[in-house]
Amino acid sequence: MVDPFEAYNLFVYDSVLILDVSATRAQLLPGAAYCEQPSDKPLLAAAAEARMDVLERCTPDDASTCLILFANGERVRAETVSAWLLDGLCRCVLCVDRTAMVAKYGFLFAPSMALTTAYPNEISVGLYLGSAASANKVALDSLQITHVVSVVERNLEPPAGRKHLLCQIPDSDEADIGSVISLALPFISEAVQGGGRVLVHCERGASRSVSVVLAHLPSVDRTLKLVEALDFVKSQRPCAQPNAGCLRHLEETCKESPRS
């Protein structure tokens with residue numbers, strides 16, 4: 001069982017098997033199938049049909065990972081289907097309460113939007129991490145992003161209606177990520193503390209922007225070690241991997257900053 005933000009991060013990052021086991025039909029996530037269960041059909045038979053439907057119709061890139069949505073009070077249905085999938089069909093199954101998912105990320109349940117839009121990953125309250133493609137108007141509006149930090153080498157136009165910080169730096173081991181961090185952290189902290197939502201992005205959302213997010217996270221949890229922070233970010237955005245120069249700077253910063 002996972003929180004909605006973990007289910008959101010999986011959905012926007014990767015193409016996986018998605019099943020909805022709710023007893024009552026509702027709008028599906030794009031790429032999902034509903035486990036249709038007439039009174040004479042067992043739940044697992046319905047799940048098997050739904051799984052084959054997704055595999056044939058949507059051809060998910062990672063069919064060994066499954067996201068299961070279940071209605072409030074129907075956790076047992078999700079656990080039953082999860083156990084069946086984990087018995088040789090999937091290596092990882094995440095189950096999320098559908099009501100909670102819709103309440104926070106209802107915009108994902110509009111197929112025409114969700115299938116064509118790149119979304120950033122949610123890292124902590126008010127903080128998002130993604131690629132340059134995720135800084136599009138649909139994603140920014142849907143997630144109510146108020147501030148954008150662009151950590152790129154090229155020049156970028158400010159996104160309309162958002163406060164924007166452009167930090168121009170190449171993606172190389174020799175680049176001075178420290179100067180970017182010193183500019184970005186006050187911008188991010190002021191935004192988050194003021195109730196705003198910040199997207200930090202570079203080109204791929206893998207190195208430069210990840211470094212900025214890792215530098216910010218100790219303000220959220222002062223006990224967090226760098227390796228723990230990186231593992232956490234990777235769990236929500238698997239491609240996260242700062243280059244060697246960024247890691248050296250972050251490691252040196254951690255050594256210089258005693259933790260309370």
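Modeller: Let us begin with a definition: two strands count as paired if DSSP finds at least two bridges between them. Please keep in mind that this is a predicted model.

Colleague: What does pairing rest on in general, and in which order do the strands of the four-stranded open sheet lie?

Modeller: Strands of a sheet pair through backbone hydrogen bonds, either parallel or antiparallel. Here the four strands have the order 2-1-3-4, and the pairing is parallel. Strand 2 and strand 4 (92–97) are the edge strands, each pairing on one side only. On average, neighbouring strands of this sheet are turned by 25° against each other, direction ignored.

Colleague: Which strands does helix 2 lie across?

Modeller: Helix 2 lies across strand 1, strand 2 and strand 3, and runs at about 140° to strand 1.

Colleague: Which residues of helix 2 are buried, and why do they line one face of the helix?

Modeller: A residue is called buried when its relative accessible area is under 20%. In helix 2 this applies to Leu43, Ala46, Ala47, Ala50, Arg51 and Val54. Seen down the axis, the buried residues of helix 2 fall within an arc of 140°, so they line one face of the helix. Their cover includes strand 1 (16–20), strand 2 (32–34) and helix 3 (75–86). Just after helix 2, Thr59 takes a positive phi of about 40°.

Colleague: What is the strand order of the open sheet with five strands?

Modeller: Its order is 5-6-9-7-8, and the pairing is mixed. The edge strands are strand 5 (121–124) and strand 8 (163–168), each of which pairs on one side only. Neighbouring strands of this sheet are turned by 20° against each other on average, direction ignored.

Colleague: Which pairs in this sheet run parallel, and which pair runs antiparallel?

Modeller: Strand 5 and strand 6 run antiparallel and are joined by three bridges. Glu122 stands opposite Tyr128 in strand 6. These two strands form a hairpin with two residues between them, and Gly126 in the turn has a positive phi of about 85°. Strand 6 and strand 9, by contrast, pair in the parallel sense over four bridges, and the bridge partner of Gly130 in strand 9 is His201. Strand 7 (residues 147–152) and strand 9 (residues 198–201) also run parallel, joined by four bridges. Ser150 stands opposite His201 in strand 9.

Colleague: Are the faces of strand 6 covered or open?

Modeller: Both faces of strand 6 are covered: Leu127 and Leu129 on one side, and Tyr128 and Gly130 on the other, are all buried. Helix 7 (residues 177–193) lies across strand 6 (127–130), strand 7, strand 8 and strand 9, running at about 165° to strand 7.

Colleague: Where do the buried and exposed residues of helix 9 lie?

Modeller: The buried residues of helix 9 (residues 226–236) are Leu226, Ala229, Leu230, Val233 and Gln236. They cover an arc of only 125° around the axis, which puts them on the same side of helix 9. Val227 and Asp231, on the other side of helix 9, are exposed.

Colleague: What does Pro242 touch?

Modeller: Pro242 is found in the loop between helix 9 and helix 10 (244–256), and at 3% relative accessibility it counts as buried. Not counting residues up to four places away in sequence, Pro242 touches Ala206, Ser207, Val210, Ser211, Leu214, Leu230 and Leu247. Among these, Leu230 is also one of the buried residues of helix 9.

Notes. Residues are numbered from 1 along each chain as its sequence is written. This is a predicted model: local features need pLDDT of at least 70, side-chain atom pairs count only at pLDDT 80 or more; totals for chains, interfaces and linings use all residues. Side-chain values use heavy atoms; hydrogens and water are left out. Buried means under 20% relative accessible area, exposed over 50%, partly exposed in between (1.4 Å probe, protein chains only). The arc is that of the directions from the helix axis to the C-beta atoms. Axes are lines fitted to C-alpha atoms, for helices over the stretch in contact, and angles run from 0 to 180 degrees between N-to-C directions. Contact means heavy atoms within 4.5 Å.
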